[in-house]
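Visitor: I've got a few questions about how the labels on this one were assigned. Can we go through them together?

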Amino acid sequence: MIPTADDFEISEIQIVVLMGGLGTRLGKLSKNTPKALIDVNGRAFFDYQIKLLKSWGFKKFLFLVGHHANVLEQYYGNGDNQDISISYSYDGKELLGTGGALKKAKSLLEDCFMIMYGDSFMDIDYYQVVYEFLNSVTCGFDGLMVIFKNNNKLDKSNVIFNPENSEMFYDKYLNLPEMNYIDYGVSMMKKEVVLNYTTEDRFDLSDMFTWLCKRKTLRPLRVTKRFYEVGNIDSLEEFRKYANNRFDTPQKAVFLDRDGVLNKIVYNEDTEQLDSPLCIEEFEYIDGVKKALRSIQEKGYLIFIVTNQPSAAKGKTTLTNLYNINNWVMQDLYEKNIEIESINMCPHHPTGTKQTQHKSLIKKCKCRKPEADLIIRAGNIYNILWNKSYMIGDSYTDILAGKNANVKTVFIGSLKCDVCSRLNYNKPDLIVSSLMEFAEYLPE
């Protein structure tokens, strides 16, 4: 049974990993070692991806193996040493291709599943991927493909995507000038797609995606953070440098609240109150913010946005709209050479309202500021230098969250008496008038 977008546990979502490739472009490195186990700074490559997926809460894995299947199974076993569960499906003597391997595993597939490649590292909001897929199922879609605006840089682009109406065309074998996007390497689909797809035993997974696309039952989900892969020597060395910088080298970080720090608060006519923007059209940067972000980045700090966004939980908008705003901000800043590592969002509210449609969002959680989970989450997948990192916000909840995470705290605005009392008179480390003033203060 396929869960609903409003009622799913991410730990129950099955992840299917394609691990049967020969790895011929890696030469002698893959002679006795599958690509997923290639050494990256003393660790197996796919261990980095498992670490990332575990931080999102995934527990159930199915590995589709072929070449060096015994080596993979000996290394990972049933997953106990990784605190996950792993089962296996085997190509056998003849490799079946990515699509054939998936079809052979049909008896092990759950009613819906996520599929990815064992030679790629993909750092995205996986909760959003699951939510948007399950939401799209109710609209008649059978699959979801994550796509990235590639412009033929990381590999040959294979997707035409129109962001205005979200229409897409995908074909791995065509080389059209309009193809600016690429299949990112993360997708979700119903099991019935595999059961209903009739073809020879050996075929490429891309054929199935093209088939879905032509039937208009494949939904695109655009992301802004690039992927890494280890298919050849050059890309392997590129990821080794990236992994060393991210996982092994301590990094300074700046954690930013969003509304009132990056963008202006808007007037909500329905509630007759000031509120967060509920759609992209309402989002407007505060003057000087982009210059400040660029300065923070140039001083060597990683940038994270950590934001409470309970509007969907209160019935004011949909969770999809909140994600659309996040995606737009990430894309807009990325195009201006400002890299946001992630937007960590708490969509929950402890009580909700009568208008709430997303009942699963009504709960007491550990990610709603002043709890520190939105900040601490970064430490699970980055090497954060906490004593040289900052939390910046315009609310007492931001300051308390920063103190709970043991980072320096910066308050933007005027520290009035009511804020002081809510802070229990535990003042922030710094008070500034704007993000630009903080950026000028920030040491290199």
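Visitor: Why is Pro428 called buried?

Guide: Keep in mind that this is a predicted model. Pro428 has a relative accessible area of 9%, and the cut-off for buried is under 20%, so Pro428 counts as buried.

Visitor: Where is Pro428 found?

Guide: Pro428 sits in the loop that links helix H12 (417–422) with strand S21 (430–432). Its C-alpha atom is separated by 43 Å from that of Gln14, and the two residues are 414 residues apart along the chain.

Visitor: Are Cys346 and Cys367 buried or exposed?

Guide: Cys346 has a relative accessible area of 0%, so Cys346 is buried. Cys367 comes in at 7%, and because the cut-off is under 20%, Cys367 counts as buried too.

Visitor: Which residues of helix H11 are buried?

Guide: In H11 (residues 396–404), the buried ones include Thr397, Asp398, Ile399, Leu400, Ala401 and Gly402. After H11 comes Asn406, with a positive phi near 65°.

Visitor: What makes S4 and strand S5 a pair?

Guide: Pairing takes at least two bridges, and six bridges join S4 to S5 (residues 85–90), so the two strands pair, and they run parallel. Between S4 and S5 the chain passes through helix H2 (residues 69–76), in a β-α-β crossover that is right-handed.

Visitor: Now the empty space. How do you find it in general?

Guide: You roll a probe the size of a water molecule over the atoms, and that shows where empty space is left.

Visitor: What makes the largest cavity a cavity, and what is its volume?

Guide: A 1.4 Å probe fits in a cavity but cannot get out. The largest cavity has a volume of about 360 Å³, and the structure holds one cavity of 30 Å³ or more. Its lining has 23 residues, and Ile124, Asp125, Met330, Ser342 and Ile343 lie nearest the centre. By class, that lining divides into ten nonpolar, seven polar and six charged residues.

Visitor: Which element gives the most to the lining of the largest cavity?

Guide: That's H9, with four residues. Among the elements that supply at least two residues each are helix H1 (45–56) and strand S18 (342–346).

Visitor: And what is the volume of the largest pocket?

Guide: The largest pocket has a volume of about 1,300 Å³. A pocket is an open set of points, and 47 residues line this one, with Arg25, Lys35, Tyr117, Asp119 and Lys172 nearest its centre. S11 gives the largest share of that lining, four residues, and the elements that supply at least two include helix H3 (97–104) and helix H7 (233–248). By class, the pocket lining has 19 nonpolar, 15 polar and 13 charged residues.

Technical notes. Residues numbered from 1 in each chain as written. Predicted model: local features only at pLDDT ≥ 70, side-chain atom pairs only at ≥ 80, totals over all residues. Heavy atoms only, no water. 1 Å grid on protein atoms, 1.4 Å probe; cavity = no way out; pocket = protein on both sides within 12 Å on 5 of 7 lines; lining within 4 Å. Points joined across faces, edges and corners; volume = space filled by probe spheres on them. Nonpolar A, V, L, I, M, F, W, Y, C, P; charged D, E, K, R; others polar. Buried < 20%, exposed > 50% of the residue type's maximum accessible area, 1.4 Å probe, protein only. Right-handed = clockwise from strand over helix to strand, strands pointing away.
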